[in-house]
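Have your viewer ready, and we will walk through this model one selection at a time. The tour begins inside one chain and ends where two chains meet.

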Amino acid sequence: MLPRFRCLVPRAKKEALTMLRDEANTRVLAGGTDLLVDIRKYTCCPETLVDITRVKEFGRSFDRASGILSPTITHAFASRAPEIKHNFPALSLGCAQVGSPQIRNTATIGGNIANACPAADSVPPLLIHDARLTIESLAGERDVALEGFLLAPYRSSLSTDELITSIRLQTLQGYRVGLKRLSIRAALSISRLSVAWAVKEEDGVFDDVRIAIGSCTPVAFRAREAEAFLKENPTGYKAIEEAVEMIIKVIRKKTGERPTHAFKLPILRNILLEAL
Amino acid sequence: MFVGENLERVDALEKVMGKGMFAGDLRMEGMLFAVVLRSDRFHARIISIDADDALSTEGVARIITHSDIPGANGYGVLKKDQPYLAEGYVRFFGEPLAVIIAESERIAREAALKIRIIYEDMEPLNDPFMAAVSTVTIHKGGNLLCRKSVFKGDTKKAAADSSVIIERTYSTRRVDHVFLECEAGLAFPDTSGRITVISSTQNIHYKQKEVSRLLSLPEERIRIIQAPTGGGFGGKLDVTVEGYAALAAYLTGRPVMVRYTREESMLSNTKRHPLYMNYRTGAAKDGRLTFLEAKIIGDTGAYASYGAVVALRAAVHATGPYQVPNVEVESSMYFTNNPVCGAMRGFGIPQTAFAHESQMDLLAEALCIDPLEIRKINALRKGSETATGQVLNHSVGFYDALKCIEPAWKERKKTGNNGFGLGCMFYGIGNTGVPNPSACHLTLMPEGKIGFHLGACDIGQGSDTVLTQILLETLGLEKNCVLLLKGDSDTTRDAGSSSASRQTYITGKAVFEAGSKLRSYLEEKGINKGRSLKDICSAASGEGGPIFDGFFDPPTTPLDPVTGQGIPYATYAFAAHMTEVEVDAATCVCRVKKVHAAHDVGRAINPDAVRGQIFGGVAMGIGFALMEEFIPSRSKSLYSYYIPTSMDMPSVETYLVEDEEPTGPYGAKGVGEPALIPQGASIMNAIRDATGIRGFELPCNFERLCVLSENNDCNYSGSKFKG
């Protein structure tokens, strides 16, 4: 049973930011498919929710020229919009696999980022596009990379009076882009491992490789070391295998030994070998 | 003609219009809500319960602990050992401690958080192996709940003469029923002091007896009404909310609603027993089974519930639907500090089917015989003798079921990552070796209709429809001549529980009996000679309103306590499933693609209803084999406890075998549990076919499958249990 709380519905960005500054004990409601679950479990007890999904500056838009996504686009929109499908296929696929139709119709990309869940499905695809976030408060505006924005499980550098106001993605021309997500059942499940990749090859040589891994370490990450190693290496099995071992070493370093490694690491290895 | 027709469900309109009032929807003037506070310890002594703060909360009407119970603080279908409210000790995570009654559900829940309990923790027993040897005892009398055995022939001698012997250990995990509708009930006192409970239940007359004991009131002062029930699967056989609602209504004198959230349902309800099964099976060179030695150990949790029934059923069905001349099965249940395990669709047989069907495939492999062939060779058939020495003289359609799936089996094609597996079962209809009668009665109503008084609980499986079809067929009258008056202990007789796949067969026969008597009466009164039903009915009220009784108790004999020999069931259902799976080589994720399911149901009273049961059974079997694992204190909600969704559902081809059962109504047996039983086993055999890996532990999710394939140890048996 939900405890009682107040819900404010600002129509303008400035109004929303003002509420976040002035009201005590607030949380941003950007879909609420995680937030309301926490509130119902009493693990989070805000007095006031600020619902930003009606803010007119945000809308549900994607600007092709600038590669800018509105933070309040839903997973359903991201999975269906032809321009997102075309430019960011891994993001589109990742969003299509989240939860159920009801959840996808409500949950937003901005919410998925801000919640900072290690299993957030939109994050690995966003990472391979070098996503950058515009973050605003009444005090000002800053621009950060998604990669450094996520700090720990359910913790980001977003402070309580700030909002993610836009998400900028690099388009990847000439790349092979993919996503593999692992879960216990075919739908309505939390990912147990997700891997997004973008690979550009020329004449048997890796021109650029981007690999992002979620649901495996406390924060989804880009495998920078392995990416650098592969760059300009020939696309043979040997280099790939070495890169995969580097990634596994990084994971072990990040998490220490975990019982789930018994299945996660072998499966990750298989997925990467197949993808690269 | 009604039997064999796909009559529309009698409750269809009410359900699709959203008009059915489920228990949780009910409201009454002055109604209070009650919430149950439960333990967050596995095993502890209760030092104190301090409810002062909670009690002084505005809107809280009363807080009840065990000392407020007027009658007996214990319930249980076989043994009254489970307290409604803990008395001195808690024995599992989720044991009820107190009931908070308040003006609103919100107030009650918030007050519950203010109750302070001081415990002294005791050593918890986490598994049956620990329970078997530990000096810690959960109940006086030790940790062994029961040991059941079946002995026949001489297994030692048969082992010496066998050409191949396979020995493996299988294990399964705790499973939640996850019925769609969580437990809910409303209780209220009337002006005469009678207590009425309206609840979501599988058995009204049993609940009447339990509530009468709890309140120390005679049974006739308790009335139980079944609300439309959204699934049960065995989880609404034990007392759930009824006790708390009745107690609260009795003590406050006001109507009280108790309805569980999904979290409370999962925390409180009984589970499917985890079983550890060591199987040693022998066969001759030609594939004939020579012997079975099985040792089954079960974790029954903190209280008895249906543990002894599961132990016995597992022992009696341990061979599977095969002729095995020499049998030695021992099946034991131990108390642990885990959630209470009780009745769940199949009563232990989905677990043993996983073991015996894996053994059949291993034997086939060792003997280079086709898996379908070895099953045909050993199939129980007319004249076969079961492990308990029962000779099956009629309605043994197992061989025919195998023949139904044979074409699909022969045409199967490996195309890459796919694989095919078989799973078979037999299942005794009704309770095991004990009387389990059902009764119903018919009356003639002055307005010219027949009153059909039915105590059987339709829990979604469709018994109301099927039993109505049987009655209409027997009477030879139209649908609108019958008025169903059901699920009320005041107006119906005890039909027994909706469990053990027994309502179509047992209550169906009672309905047939009553219907036959009424038909003779109507004929005598001239219904075939132009006299209207209405006329007969209004004349009948002058005769004092005759009642037409129906009664049936299937002919069984008690089992010998040492050898387990006897006739535990009057009839058995049989089934064979063939499943195709696809296993992703990179990720070990298994998806079920196609199922062929053949069932001998005796006679399909309503073929669509039978198919519905099979579809549901397939879904549940997918959960059992691939996903479901209830971990006490960690599986808190459907957020982490996974059941299949429609996206996991394969296409299902059904084949209905109708080898009529002479004692059943129009030849019918049952299908509710059989639909599920062979599914998990067939998936496991299909995974082996697809990957070369055989799992010995359920659920076989991609995590376990990946570890197995990494270890590349096909004989991995994943258990500390040996012999």
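Start by selecting B:Val164 and B:Ala283: the latter, in β13(B), is the bridge partner of the former. Before going on, note that this is a predicted model, where local features need pLDDT of at least 70, side-chain atom pairs count only at pLDDT 80 or more, and totals for chains, interfaces and linings use all residues. Residues are numbered from 1 along each chain as its sequence is written, chains are lettered from A and ligands numbered from 1 in the order in which they are written, and side-chain values use heavy atoms, leaving out hydrogens and water.

Now show strand β8 (residues 164-171) of chain B, which pairs with β13(B) in the antiparallel sense over 8 bridges. Strands here are DSSP runs of E, at least two residues, numbered from the N terminus, and two of them pair if DSSP finds at least two bridges between them.

Next, colour β13 (residues 275-283) of chain B by accessibility.

B:Leu275 has B:Gly298 in β14(B) as its bridge partner. In the hairpin of β13(B) and β14(B), zoom in on B:Gly287, which takes a positive phi near 100 degrees.

Finally, move to the other chain. Select A:Arg192 and B:Glu703, whose side chains meet in a salt bridge (2.6 Å, N to O); the term means a side-chain nitrogen of Lys or Arg within 4 Å of a carboxyl oxygen of Asp or Glu. Chain B and chain A have 3 salt bridges between them.

Notes: Helices (H or I, at least four residues) and strands (E, at least two) are DSSP runs, numbered from the N terminus.
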